[in-house]
Each structure stands twice: as C-alpha cells, then as structure tokens.
Amino acid sequence: MSKRKRDISRRQFLEGTGAVLAAATAVPALKVKLPTANPPATDDVASGVPSTAIRLVVNGTEHRLDVEDRWTLAELLRDHIGLTGTKIGCDRGECGACTVLLDGKPVYSCSNLAVWADGREVQTVEGLAQGEHLDPLQQAFVEHDGPQCGFCTSGQLMSAKGLLTHNPHPTAQEVRAAMTGNICRCSNYNRYVEAVLAAAATKNATTSKGSSGRSTASTKLGAEVSAANGRRSPAVSTSSRGGAR
Amino acid sequence: MSRPPTLASLKTIGHATPRIDAVERVTGKATYSGDVHLPGMLYARVLRSPHAHARIRQIDVSKALALPGVKSVLTHENCTVVWGAGSISGGRQYVDEIKKITRQKRYIFNNPVRFFGEPVAAVAATNRHIAEEALRLITVEYETLPFVLDQEEALRPESVQIWPDGNVSLDAKNEAKPEVYRRGDVEEGFRTADHVFEDRYTTTYVHNAQMEPRLCVASWEGDKLTLYTPTQGTSNCRHDMARDLGIPDEKVRVICKYMGGGFGNKNQNQDADLIAAMLAKETGAPVKLELSRKEDFIGVHGRWPTTQYYKVGVSKDGVLQALQLRGYSGMGPYRKNSGGITGVELYQCPNVESTVYPVYTNRAVSGNYRAPEFPQGFFGIQSMMDDVAYKMKMDPVEFVLKNMTRKSNDEVPYSNYTLEECIRRGAEAFEWKKRWHPPGAEPGAIKRGAGMAFMTIRSPLGQSSAVIRLDSNGRYTVFVGVTDIGAGAKTTMSMIAAEELGVPLSDVDLVWGDTDRCPYSVGESGSRTTDMTGYAVIEAARDLKRQIAEKGLPKGENALIASASPNPKSEGKVRKAFGAHFVEVEVDTELGRVRVLKYVAVHDSGRIMNPLTATSQVKGGATQGIGMALHEDLVYDRRSGQPLTAGYYGARIMTHLDAPEIEVIFIESDDGYGPFGAKCIGEAGIVHAVAAVGNAVFNSIGRRMKDLPITRDKILGALA
C-alpha cells in the first residue's frame with residue numbers, strides 16, 4: 001500500500017483536473033498504519049466525484065483522509081480503513097449490524113455519511129478489546145453463546161457498550177430496549193440479554209469508558225485469535241454456564 | 001453398530017462448551033465472504049425486473065457501457081447460463097439425473113421475466129457507486145403480461161399460464177402432478193366416522209432474512225475459478241458451479257470461512273455466484289457482487305406460502321378415523337425446492353390421503369427455509385386438530401396423546417420413541433393443567449391462554465466424509481467440508497473428534513470451508529451435519545486409533561492420516577427427533593396485541609453434543625416460529641404485483657423486545673445410531689412453534705385464527 005502523503009481539500013478537487021487525477025491514484029495518508037486483514041482499495045476516491053478531507057479518530061487512532069461525499073461511515077470503515085468487523089446487513093437503517101459508537105453513542109454507520117464523522121470519535125468492535133484482554137462484554141458474549149452466525153454480533157456489542165457506558169446496571173428490560181434496534185435473525189436474543197447482564201455484573205465492565213488513547217486490537221490478540229482457529233482460545237473460559245442440563 | 005458410551009464416561013461431548021471460533025466472532029476478526037478484498041477487484045450490481053411478469057422486447061446497455069469505469073454488462077442476450085439449482089423438476093436439487101431431464105430451465109437472466117425482482121442485467125464496474133449508476137443507464141422495453149399471485153387462483157382456467165405446461169409445477173418425472181400420499185380409504189373412513197370436520201388454513205411467504213445478504217467474490221486464475229461465497233454446502237456449491245459452467249469439479253474452488261446465517265437459502269450455488277463468475281470471466285478481474293437487503297428479500301427465496309384444506313373424521317370417543325389434506329404451495333415461477341406440506345405423518349390414523357400441488361405464481365421464488373415443509377403444515381394440521389379436540393370437548397393434550405403417531409406412517413417402527421415423554425414432561429414443566437382453560441373463558445379485556453403443539457422431524461443417516469491427520473507434535477487436524485452457518489458445526493466436529501480420540505479439545509485443529517482442502521460434506525442443510533459428517537469424524541478417528549495402535553505415534557516428519565466416508569443405515573427403522581412446545585400468551589382484545597408470556601420447549605434430539613449451542617438453536621428456532629405466527633409476511637400489491645414489505649422493518653422480523661424467554665428442556669435418548677446417539681436439532685425448534693402459538697391464541701380469545709400471520713387486525717376482526 002502506498003503511503004504518499006497528501007492533503008487535498010474539496011475546494012482543490014474542484015479547482016482542477018490535476019488534483020482530481022491525483023485523487024484518483026493516491027491513497028489517503030493515515031497517521032498510523034492499522035492492523036487490517038484486507039488492504040483498502042488503492043483507488044479510493046474516484047475521479048470527478050465530490051469529496052471532502054476529514055479528520056476522525058477511530059478506536060483511538062487519528063485518521064486524516066479524503067472521503068467521497070457519498071460514502072457512508074460503514075463504507076469508510078470497511079472498505080477504506082479496513083475495519084471489516086463492522087457488518088452491513090441492510091444498508092438502510094433497519095437491522096443494526098453496522099452499529100458503531102460515534103462520540104460514545106450507538107449509531108447505524110450505514111445511515112451516517114462518512115463526512116459527518118469529521119472531527120468526531122468512532123469506536124468499532126475492533127476497538128473493544130484492550131490488547132489481548134477481551135472487553136467484559138466480549139467475554140460474556142463468548143461464555144453465553146451470544147453469536148450464532150455472528151453477523152449481528154459486532155452491532156449487538158456496540159449497542160451494549162453504549163448502554164453500559166450510560167447505564168452500568170441495566171435491568172433485562174432495559175437491555176432489550178437499548179438493543180432492540182439490533183436484529184438477530186438466529187434469534188439468540190435470550191443469550192444476548194443474559195450476556196449483557198452478566199457483563200454488567202462483572203466489576204470492570206464499566207471502568208473503561210470511551211476509546212480515546214486506547215490501542216486497537218493488538219498483534220498479540222490477532223495471534224491468539226488465529227491460534228483459536230480450531231481450538232478453544234486460552235482467553236475463553238471453560239465455564240459451562242448457560243447449558244440447559 | 002456398537003452402543004455408544006454412557007454420558008458419564010464422556011469427557012467432551014455433552015459438556016457445555018463455548019464455540020471454538022467465538023473469540024473471532026466477538027472481535028470482528030472472523031472473515032466473512034464480504035470482507036474479502038482482492039487486488040483489482042470490480043464491484044457488480046444487478047438490474048431487476050420492475051414487473052411481476054413481462055416479456056423483454058429490447059435492452060439497450062450502450063449508455064451503461066459508455067460510463068467510465070464500467071467493464072462489462074451481462075443480459076439474457078449475451079449470457080445464457082442455466083442455473084441448475086434455481087429450478088429443477090420436483091425441486092430435487094441434489095439429483096443430477098433430474099437436472100439433466102428438466103424441461104423448465106431457469107437461466108440466470110430469463111426472458112420473459114416472471115416475478116418482480118428477477119435479474120435482467122448485471123454490471124461490473126470499478127466501484128459500487130459506478131455500478132449502481134450504470135444500472136440507471138440501462139433502458140429496457142417491457143411488454144407487460146398478466147400475472148397471478150395466489151397459489152389457488154393460479155389453478156383457475158382463466159389465470160395466465162406462467163409456463164407452457166401450466167401452473168402445476170412439474171415433478172421429478174416432468175409430469176404436472178400433485179404429490180400424493182395414501183393409506184387406507186379416506187372415503188370409507190369418513191362414512192364410518194361419528195363426526196367429520198372440515199376447515200381451511202393459510203400460511204404466508206416468510207423470508208429467511210439471514211443477517212448476511214447474498215454476495216459472492218469470484219476470481220479466475222487461468223481456467224480455475226475461486227469463489228468466496230456464503231454457502232451452506234461448499235461441496236454442493238462447487239459441483240453445481242462446475243455443472244452450470246460446463247467445467248470439471250476440480251476447476252472450481254469454493255471458500256466459505258464464516259457466514260452470516262442462511263436458514264436454507266444459501267444451499268447449493270446461487271445465481272449471484274454464477275453472475276459474479278461470468279462477470280469475472282468476461283472482465284478478467286475478480287468481481288464482488290453484493291445484493292442489497294431488498295434484493296435478498298425478493299431475489300433469493302423464502303418459505304412457500306400454502307393453502308390447506310383439511311377434512312377429519314373422528315369416532316365419538318375422539319379417535320381419528322380418517323384424515324385428508326388438499327394443499328397448494330405457491331412456488332413463485334420456479335420450483336426451487338419441493339413445495340411439500342408435512343403434517344399428516346404426525347397422527348395415527350387408518351385412512352389418510354394427502355394431495356399437495358406445488359403451484360407456479362408470479363411472486364418471489366419459494367424455497368427452503370429452516371424445515372422447509374414443516375412449520376406451515378404443522379400450523380395447519382395442529383390448528384385443525386386443536387379445533388377438533390375443542391369440538392369434541394377434549395383437552396388438547398389428551399387428544400394428542402390419543403392420536404399421535406406411534407410408528408412411522410403407522411407401519412415402520414421408529415429407531416426409538418420418546419414423543420409421549422416429551423409431551424408429558426412439557427405439560428408438567430409448563431403446568432398445563434393450571435394454565436389451560438376452556439377457550440375464551442377468561443374475563444376482562446386482556447386474556448391469557450395456553451396452547452401446545454408437538455413434532456417429529458426426520459433425522460436421517462447418510463454419507464459424508466472426514467479426514468484426520470496426526471502430526472509428530474501431537475496435534476490432530478480434522479479436515480471436514482463444513483461451513484459454520486451459526487449452528488456451531490466447527491465446534492461440534494472438533495468435540496466429536498476430541499471425544500473419540502480421547503484427547504482434550506485443545507489438541508484438535510480444524511480445517512473447514514474450503515473445497516481444495518476438505519473432503520466432501522453434506523452441507524449444513526436438513527439438520528444433517530452432526531449426524532452425517534459427525535459420524536464420518538468418528539469413523540476417521542477410529543481408523544486413526546487403529547493406526548496408532550499398529551504403528552505407534554508418528555515421529556519427526558511422519559504423520560498418520562485416516563479418512564472415512566461411511567454411509568450408515570438405520571436398518572428398517574425410521575429415525576426421528578421428537579419435541580413438544582407449550583406456550584402461554586396474553587391477548588389484548590382491545591388492541592389485538594399478542595404477547596408470549598411463557599414458552600417451554602421440550603426436545604429429544606438424541607445425545608446433545610454441546611448443550612450450550614444446542615439450547616441456542618432451539619431458542620432461535622422457536623423465536624423464529626413466533627415471528628412466523630404473529631408477524632412476518634411478504635405482502636404484495638395485488639394490482640401491480642409488487643412486494644410491499646421486503647426488508648426487516650416491513651416484514652416485521654422479531655426483535656429484542658418481541659422475543660420472550662424460551663425455556664429449553666432436553667430429553668436425551670440414545671437409539672444406538674449417529675455420533676454418540678445424536679439426532680437432528682437445527683430445524684427442530686421452529687417446526688411446531690407456529691402451531692403452538694396459534695393454539696394459545698385460540699385458547700385465549702376463543703376464536704380460531706386460520707390465516708397467518710396472526711396480526712392485530714385479524715384478531716380484532718375475529719372479535720368484532
């Protein structure tokens with residue numbers, strides 16, 4: 001991936017084809033190289049398309065980049081920053097799979113334009129774990145079998161995170177109400193509610209507010225995760241809570 | 001077959017175990033097909049028919065092709081690939097012989113188009129926005145044709161014939177005949193019965209609505225195609241792709257590491273796979289085709305809607321004498337799957353006749369959705385029987401215990417039988433005697449009511465494969481062609497291997513979801529993976545143990561490799577899983593609103609491999625069933641033939657606030673077959689949930705709700 005430094009305003013785009021051509025071939029400057037599974041597209045901003053230079057903080061890392069004005073926040077995160085943990089289930093604000101925290105508040109990233117995130121702070125599922133330690137919510141989701149197919153899980157986690165930040169000890173009904181914008185077609189709703197209540201009951205569930213300054217999922221976690229590819233990860237409890245026997 | 005060990009001796013099986021890939025799923029590290037990005041990848045979009053039935057007179061793609069960034073446009077004129085799994089006589093996708101003879105072929109682009117949302121053209125461009133823009137530049141001249149939406153109406157002589165052979169879908173012999181089952185003589189049965197009851201029930205099109213929309217990333221290297229696609233069966237998908245594209249199986253590689261659910265609509269290969277492959281071939285670049293949620297709702301498939309007529313004869317002491325079903329299933333214009341309506345097999349009865357017509361309509365295509373033929377049929381027949389019990393002044397549980405199946409079709413013994421135990425345990429846990437009351441008897445505007453339904457569902461044995469390698473470092477690598485759609489197959493396969501090998505789960509690695517690395521697997525459909533592929537894992541493990549005993553543990557660069565492709569049989573017995581659901585609802589008779597207050601689900605799925613994930617499966621199935629009973633429908637505008645409720649919001653898919661607590665009880669039995677006695681579970685939770693909810697609503701308000709979904713307007717209408 002090219003790391004050419006570049007800073008083009010929307011005005012400069014409109015001023016001449018030179019800038020437009022540059023936009024077509026260059027790659028936005030990222031202050032910190034992110035751990036990404038998939039490299040972002042190399043021709044990110046298409047020629048002749050209105051775009052805007054924005055700054056935003058994602059999982060504690062600042063990004064300055066040009067975004068097409070038509071990109072959604074989900075599209076920016078997934079295709080251009082390489083954070084594919086955020087899923088798109090409907091792309092029209094119905095299912096909640098794309099939920100991220102925008103300045104600490106859960107929003108549908110499919111229904112927010114990327115440019116609206118200018119000057120703001122975004123937290124995605126990749127920003128939940130601290131180094132190799134899963135967030136208590138993630139740990140509870142693992143133990144209580146939250147994800148079946150897992151496609152809605154990132155969104156469920158972020159809605160739950162938003163809830164616990166503002167209401168550290170919710171009732172089951174408050175959990176349901178806060179997460180009702182997150183559809184789970186596997187319909188593992190009972191499990192998700194159980195898991196959020198369990199996470200809220202653990203001591204450190206609410207100690208980590210916000211995401212500023214926190215590192216994103218570290219390489220060590222990545223290694224642990226791939227090691228878990230076929231066997232239980234060391235981070236996963238062997239507790240047999242949740243069984244029906 | 002030797003008897004499996006008792007539960008007490010099992011170290012891994014039967015113990016609640018978090019999924020082996022749960023950490024990946026909660027950290028966003030799990031790579032789903034849509035997360036795959038290949039260098040130089042193009043994006044594809046599909047133009048779909050705005051008409052329910054129309055002939056394409058002309059397509060002009062010149063403006064689209066002239067748009068900078070557009071690399072290729074496919075239409076029926078330049079792409080004539082037949083999608084074999086899209087429409088097959090008899091809906092028997094798995095049979096190659098039938099695919100060869102079928103007369104009614106579904107191309108990936110058809111002319112005429114036969115439903116709103118049918119693919120008309122596809123575009124590949126350098127980004128998704130250009131592809132979308134290009135769709136708007138394609139001009140299509142349509143000659144609209146008459147259309148028909150309802151399965152019964154489609155059989156009237158004045159209705160448009162969607163295919164030249166008529167609107168009764170062709171069967172596996174290319175004959176336009178209904179599916180018929182008979183035993184005894186129903187007419188004689190009705191003559192001798194003391195009471196005869198007749199009624200009509202209908203069920204609607206319910207979409208699978210899995211969270212991950214259909215998509216495909218296709219890439220050619222020379223003459224070899226690689227697909228990253230969400231499929232419930234990599235082996236089947238590969239074979240289907242090879243057949244449809246006319247290339248050998250080994251020239252196709254299908255990879256599916258994680259997938260966001262399917263519930264039956266990601267079986268086989270899909271038109272999206274074929275379109276992406278053709279665009280990739282055409283452009284010489286990798287292509288990612290993504291379907292929108294609306295396209296997924298109308299362009300893939302959902303559960304077939306049905307109309308069911310029942311006639312039931314009983315003796316004066318409430319014993320069934322004759323049972324007749326005449327049913328119609330709306331298949332959309334292509335018979336993707338069977339279109340069957342099950343339910344008559346639930347009852348012991350000397351005289352039975354079931355006649356089911358799979359019918360073509362101009363609605364969205366119907367196909368498999370979690371227990372394809374079951375919930376709609378079980379709703380119809382168990383509502384009917386609940387009503388017969390009521391009219392005979394019998395407690396519904398007593399009526400069921402008197403009339404339920406004891407042998408398969410009253411003839412072949414089951415491999416074991418715990419249906420009665422399921423019902424009795426459920427009635428006890430639910431406190432049936434306390435909660436059930438004469439229908440509509442509660443005073444006040446908000447009325448409670450209790451209902452129950454029961455089930456049997458096939459739990460067949462069959463062929464599948466597994467390979468296990470033991471390396472000198474002591475690690476066991478299991479190669480199985482499963483994809484984990486959410487049911488936990490990867491975890492289950494690893495647990496089975498660990499148990500049979502007598503090693504900790506942490507010593508087992510799994511390789512899955514890649515046809516170039518894994519042997520054939522049945523695919524995660526029909527609740528078969530645990531039974532079939534799981535049994536292959538056991539056989540491979542046994543072989544490996546024999547090799548270890550013979551040759552000792554491998555040293556240095558050596559490895560031991562064992563494989564198995566068993567095809568076990570249940571020797572003249574029918575294997576089924578059993579279950580009973582008990583529901584209490586509360587109906588607000590002023591608002592028409594239904595709330596589920598208590599839900600008890602009792603299941604015998606044989607040995608439970610992993611109680612943690614098995615419980616989730618049942619909870620999820622039952623909750624989907626409640627959605628089908630109370631909420632979900634793909635409503636069509638009868639004048640335009642257009643769907644009005646395609647999407648989560650419109651179809652009213654269950655949410656956190658709708659979902660009640662589901663109490664799950666397993667009765668673990670052991671019939672001596674399957675891995676450690678396991679039977680099917682994936683589909684078992686949904687099959688009788690719909691009927692149980694419907695019966696609870698009846699008990700609450702004393703009015704029989706005969707048409708799904710049981711929405712507020714229908715309840716208020718019935719009470720008016």
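The questions below concern a predicted model.

Trainee: In what order do helices and strands follow one another along chain A?

Mentor: Chain A has eight helices and five strands. Read along the sequence, they are arranged as α-α-β-β-α-β-β-β-α-α-α-α-α.

Trainee: What percentage of the residues of chain A count as buried?

Mentor: A residue is buried if 20 or more other C-beta atoms lie within 10 Å of its own. Of the 245 residues of chain A, the share that counts as buried is 55%.

Trainee: Which element gives the most residues to the side of chain A that touches chain B?

Mentor: The contact between the chains involves 63 residues of chain A and 65 residues of chain B. On the side of chain A, the elements giving two or more residues are α4 (136-143), α5 (153-166), α6 (172-179), α7 (189-201) and α8 (219-227). By class, that side has 27 nonpolar, 21 polar and 15 charged residues. With four residues, the element that gives the most is α4(A).

Trainee: Are α5(A) and α6(A) roughly parallel, roughly perpendicular or oblique to each other?

Mentor: The axes of α5(A) and α6(A) come within 9 Å and cross at roughly 125°. Angles of 65 to 115 degrees count as roughly perpendicular and those over 145 as roughly antiparallel. The two helices, α5(A) and α6(A), are therefore oblique.

Trainee: How many nonpolar residues does the contact of α5(A) with α6(A) have?

Mentor: From α5(A), the contact is made by Gln156(A), Ser159(A), Ala160(A) and Leu163(A), and from α6(A) by Val175(A), Ala178(A) and Met179(A). Charged residues are absent and two are polar, while the number of nonpolar residues is five.

Trainee: Why do the buried residues of α10(B) line one face of the helix, and within what arc do they fall?

Mentor: In helix α10 (residues 396-403) of chain B, the buried residues are Pro396(B), Val397(B), Phe399(B), Val400(B) and Asn403(B). Seen down the axis of α10(B), these residues line one face of the helix because they fall within an arc of 160°.

Trainee: Is the crossing of α9(B) and α17(B) left-handed or right-handed?

Mentor: The two helices pack at an angle of about 30°, with their axes 8 Å apart. Pro375(B), Phe378(B), Phe379(B), Gln382(B), Ser383(B) and Asp386(B) in α9(B) meet Val690(B), Ala691(B), Gly694(B), Asn695(B) and Phe698(B) in α17(B). These residues divide into six nonpolar, four polar and one charged. The crossing in which α9(B) passes α17(B) is right-handed.

Trainee: Is the peptide bond from Asn111(B) to Pro112(B) cis or trans?

Mentor: Pro112(B) is found in the loop between α3 (96-101) and β4 (119-125) of chain B. With omega near 5°, the peptide bond that joins Asn111(B) to Pro112(B) is cis.

Trainee: Does Ala371(B) count as buried or exposed?

Mentor: Ala371(B) has a positive phi of about 60° although it is not a glycine, and is found in the loop between β16 (351-359) and α9 of chain B. Because 30 C-beta neighbours lie inside 10 Å, Ala371(B) counts as buried.

Trainee: Which burial class, buried, partly exposed or exposed, applies to Asn409(B)?

Mentor: Asn409(B) lies in the loop between α10 and α11 of chain B, and its phi is near 50°, a positive value in a residue other than glycine. Since 14 other C-beta atoms lie within 10 Å, Asn409(B) is partly exposed.

Conventions
Residues numbered from 1 in each chain as written. Chains lettered and ligands numbered in written order. Predicted model: local features only at pLDDT ≥ 70, side-chain atom pairs only at ≥ 80, totals over all residues. Buried ≥ 20, exposed ≤ 12 C-beta atoms within 10 Å, placed from the backbone. Arc of directions from axis to C-beta. Contact = placed C-beta atoms within 7 Å. Nonpolar A, V, L, I, M, F, W, Y, C, P; charged D, E, K, R; others polar. Axes fitted to C-alpha atoms, helices over the stretch in contact; angles between N-to-C directions. Parallel < 35°, antiparallel > 145°, perpendicular 65-115°, else oblique. Left-handed = near helix turned anticlockwise from the far one by under 90°.
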